[in-house]
Amino acid sequence: MNGTSKMMDFLEEPLPGVGTYEDFNTIDWVREKSRDRDRHREITSRSKESTWALIHSVSDAFSGWLLMLLIGLLAGSLAGLIDISAHWMTDLKEGVCLAGFWFNHEHCCWKSNITFTDRDKCPEWKSWSQLMIGHGEGAFAYILNYFMYVIWALLFSLLAVLLVKGFAPYACGSGIPEIKTILSGFIIRGYLGKWTLIIKTITLVLAVSSGLSLGKEGPLVHVACCCGNILCHLFTKYRKNEAKRREVLSAAAAAGVSVAFGAPIGGVLFSLEEVSYYFPLKTLWRSFFAALVAAFTLRSINPFGNSRLVLFYVEFHMPWHLLELIPFILLGIFGGLWGAFFIRSNIAWCRRRKTTKLGKYPVLEVFVVTAITAILAFPNEYTRMSTSELISELFNDCGILDSSKLCEYVNDFNSTKGDDLPDRAAGQGVYTAMWQLALALIMKVFITIFTFGMKVPSGLFIPSMAVGAIAGRLLGVGMEQLAFYHHDWVIFSGWCSQGADCITPGLYAMVGAAACLGGVTRMTVSLVVIMFELTGGLEYIVPLMAAAMTSKWVADAIGREGIYDAHIRLNGYPFLEAKEEFSHKTLAMDVMRPRRNDPPLTVITQDSMTVEDVEAIINETTYSGYPVVVSRESQRLVGFVLRRDLIISIENARKKQDGIVSTSIIYFTDHSPPLPPSSPSMLKLRSILDLSPFTVTDQTPMEIVVDIFRKLGLRQCLVTHNGKLLGIITKKDVLKHIAQLANQDPDSILFN
C-alpha cells in the first residue's frame with residue numbers, strides 16, 4: 001500500500017468549531033465577509049433548481065428584517081418594563097400608595113379629586129412618616145422620611161451590586177465601551193449573553209431607583225445588543241458569521257438609543273457616529289426599522305410615563321435672538337471644560353480602583369457612594385427627585401398654571417396673552433431655587449465622577465445632561481433678570497422691550513444639557529438630532545449645534561478622547577479608532593515581529609511537518625495563527641492558518657481518521673508529497689488554510705498599514721520582501737506602536 005491510498009481530507013464536511021474564534025480575540029473581517037459571499041452565491045445558484053430552494057432564498061433575504069422586528073419588540077418591551085419598575089421603586093423611597101402599592105406617586109394621584117396646584121398631595125399617597133406615625137409634619141417626621149429614603153437607597157444599590165458580582169460581572173457599567181469594541185470585531189464571550197441580559201435588566205432598575213447619579217440610557221444600549229445577540233441564534237446566517245452578527249448588533253444599538261430617548265433617527269445616527277465599525281447601507285435602513293419598532297413598542301407598553309416618543313417635550317413661546325448665541329457658546333465652553341474635567345477625573349479614579357485594594361471591595365464602594373449620595377440628596381428637592389424629572393423641570397417654560405419654585409416670579413398678568421408671560425422680576429421662590437440648583441450642580445459634578453464605573457449598571461447620558469441643564473437654567477434666569485432690569489442696554493435695546501417675553505430660561509437649560517453631553521461623549525450630529533427628538537424643538541437646532549460644536553472643540557483641545565474611548569484604553573481593549581489620523585513616518589519593518597535579535601518567525605511548512613511537530617509549535621507558543629511557507633529555506637508564503645482551527649482539526653482527525661499518529665505528515669497542498677509505502681496515513685488540512693492572507697512589503701509606510709487595518713478590519717498582516725516572508729504585524733502590534741508614539745504605555749493593550 002503506498003502513501004497515496006492513505007490520503008484523506010476528513011474536512012470535506014465542516015467541523016464544529018473550525019472557523020470560530022477564541023475568547024478575547026479579534027475576528028477576521030475579510031474571511032467572514034468572504035464566507036458570507038460564498039454562502040449567498042450558493043443560495044442564489046440553488047434557487048434556480050427548485051421551488052423549495054427559491055423559498056429558502058427568499059426567506060434568507062427576509063430573515064434580516066424579521067430579526068430587526070424581533071429585536072425592536074424585545075428591546076422596547078424590556079425598556080418599558082425597566083421604565084415602569086424604576087418609576088415605582090424611585091417613588092417607593094418616599095412613600096407608598098394605599099390604593100395599590102404597585103402604583104407610583106403620579107399614577108396613585110390620577111383619580112383624586114384635588115386641585116391642579118395640589119396634584120402631588122393626594123390622600124391616597126402616604127409618606128413613610130404618615131404611614132408610621134400618622135402625620136408628615138415636624139422634625140421627627142422629616143428625620144423618619146430621611147432615614148427611610150437612605151435605607152431604601154442602600155437596599156436597592158446593595159442588591160444591585162450583589163447580583164452583578166454573583167451572577168453576571170459583565171452587567172456592570174455602561175456597556176458602550178465594550179459594545180464599541182465588540183462591533184470592531186473583538187470577541188468577549190458572555191458579554192451579550194442571556195445571563196448578562198437578565199441581570200442587567202434587574203440591576204438597572206435597582207441602580208436607577210437607588211438615586212445614584214447615573215442613568216439608564218447607556219445600559220439600555222447594552223440590553224438591546226444582548227437582545228440582538230441572543231436572537232441571532234435563531235438564524236443560521238447570523239449565528240455562524242461574526243461579521244453578519246455585528247451588522248445586527250449595530251442595528252440593536254440604534255434600537256437601544258431609540259428606547260432610551262425616544263429618538264429613532266438619533267439612535268441610528270448615534271450607532272453610525274459613535275458605536276459601529278462597519279455600517280453598510282442596508283444596515284442603515286434596518287437599524288431605522290428596528291429603532292422605530294422599539295420606540296413604538298415602548299410607547300404601547302408605557303404610554304403615560306416619561307419615556308414617551310418625546311421624552312422632554314418643550315413648547316417655548318418665543319424665538320431665540322441672534323445675540324443669544326454668545327451665552328449659548330459660553331454654555332458650550334462650560335460643557336467642554338466639564339467634559340474634559342470629568343473624563344480625566346473619572347479615568348484617574350477608575351485607574352486607582354484597578355491598581356489599589358479599592359477594587360477588591362466593590363460592594364463597600366457602592367455602599368459608601370450610595371450613602372453619601374442619599375444623605376446629600378434628600379435635603380435638596382432638586383437632587384431628591386429623579387434626574388429625568390429634574391431635567392424635565394429645568395427644560396420647562398413657565399406658564400400661568402406652573403407651581404414650581406422656578407416659576408415663582410412677581411406676578412404681572414396685565415400684559416399676558418394666552419400662555420405667553422412677560423419677563424418678570426424673580427420672586428423669593430426663584431432665588432431659593434437658584435441656591436438649591438447651585439448646590440445640586442456642585443454635588444452632581446463631583447459625585448458622578450465616583451459613580452460612573454462602579455460595579456452596577458451606570459449610564460452617563462442623563463447625569464451629564466442634568467449638569468448642563470442646571471448650569472443652563474442658572475445662566476438663563478440670570479440673562480432673564482438682566483434683560484428685565486436693564487432692557488435699555490445696547491445688547492437688549494434692539495429686540496427686548498420692557499414687559500416683553502425675551503429670554504427663555506428653559507432653552508438655556510436645553511442648550512446646556514446638549515453642551516455637557518457633547519463634552520463628555522464628543523457626539524456632534526447625532527447629539528443635535530437626539531436633542532431635537534427629545535424636545536420636539538426644531539427651531540432650536542442652531543443654538544444646539546453651536547453649543548455642541550463649541551463643547552467638542554474645547555474638550556478636544558484639552559484631551560482628544562471621549563469618555564467611551566478613554567474607558568476602552570483603560571481596559572486595554574484592541575480598538576483601532578477610525579477618527580484619529582496617523583501621521584508618523586515609520587515603516588512596516590519598524591513594527592513587524594520578529595524584531596532584530598528576536599528568534600526567527602514561527603512558521604509551518606506546507607508538506608514536511610508531522611502532527612507531533614505542529615503540536616509542539618502549538619504548545620510552545622501562544623500565537624493565534626501561523627504563516628504556512630513552502631519550506632524553511634525558501635520562506636515563500638503559501639497561506640495562513642489559525643491556531644484554533646489547527647487544534648480542532650488535529651483532535652478530530654485523531655478520533656475519526658484511521659492511521660493518524662504523531663508521525664503522520666500534515667500537508668496543505670492539493671497533492672500529497674511522495675512518501676515511503678510504510679509511512680502512516682497523512683493528514684490533509686488545505687481546507688482550513690487561508691490562501692489569500694493580506695501582505696505588505698517591509699517598506700510600506702505605517703500610515704498605509706494603519707489605514708488598511710482600519711478599513712478592512714484585519715487581525716494580522718504578513719510582511720514580505722521580494723516575495724520572501726519576513727514577519728507579521730497584528731492589530732495589537734499596531735495599537736502598541738500608536739501608544740508608544742503617543743508616549744503612552746504600550747503594555748496597556750492587553751488582548752489580541
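Reader: What makes α2 stand out in the lining of the largest cavity?

Author: In this predicted model, α2 contributes five residues to that lining, the most of any element. The elements that supply two or more residues are α2 (51-92), α7 (194-209), α14 (362-377), α15 (381-384), α16 (387-395) and α17 (428-451).

Reader: How large is the largest cavity, and which residues lie closest to its centre?

Author: Its volume is about 340 Å³. The lining comprises 28 residues, of which T90, V208, S386, T387 and S388 are the closest to the centre. The structure holds six cavities of 30 Å³ or more.

Reader: Why is this space called a cavity?

Author: The term applies because a 1.4 Å probe fits at its points but cannot get out.

Reader: Which residues make the nonpolar surface patch, and which helix gives the most to it?

Author: The patch, of about 770 Å², is made by L323, I326, I329, L330, I333, L337, W489, I491 and I558. Helix α13 (residues 325-355) gives the most, with five residues.

Reader: Why is I491 called partly exposed?

Author: I491, located in helix α19 (residues 490-493), has a relative accessible area of 43%. Buried means under 20% and exposed means over 50%; the value of 43% lies in between, and therefore I491 is partly exposed.

How values were computed
Residues are numbered from 1 along each chain as its sequence is written. This is a predicted model: local features need pLDDT of at least 70, side-chain atom pairs count only at pLDDT 80 or more; totals for chains, interfaces and linings use all residues. Side-chain values use heavy atoms; hydrogens and water are left out. On a 1 Å grid over the protein atoms alone, a cavity is a set of points where a 1.4 Å probe fits but cannot get out, and a pocket is an open set with protein on both sides within 12 Å along at least five of seven lines; lining residues have an atom within 4 Å of a point. Grid points are joined across faces, edges and corners, and a volume is the space filled by probe spheres set on the points. Helices (H or I, at least four residues) and strands (E, at least two) are DSSP runs, numbered from the N terminus. Patches are made of residues with over 30% relative accessible area and no salt bridge: like charges are joined within 9 Å, nonpolar side chains (Val, Leu, Ile, Met, Phe, Trp, Tyr) within 5 Å. Accessible areas come from the Shrake-Rupley method with a 1.4 Å probe; for residues, only the protein chains shown count as cover. A salt bridge is a side-chain nitrogen of Lys or Arg within 4 Å of a carboxyl oxygen of Asp or Glu. Buried means under 20% relative accessible area, exposed over 50%, partly exposed in between (1.4 Å probe, protein chains only).
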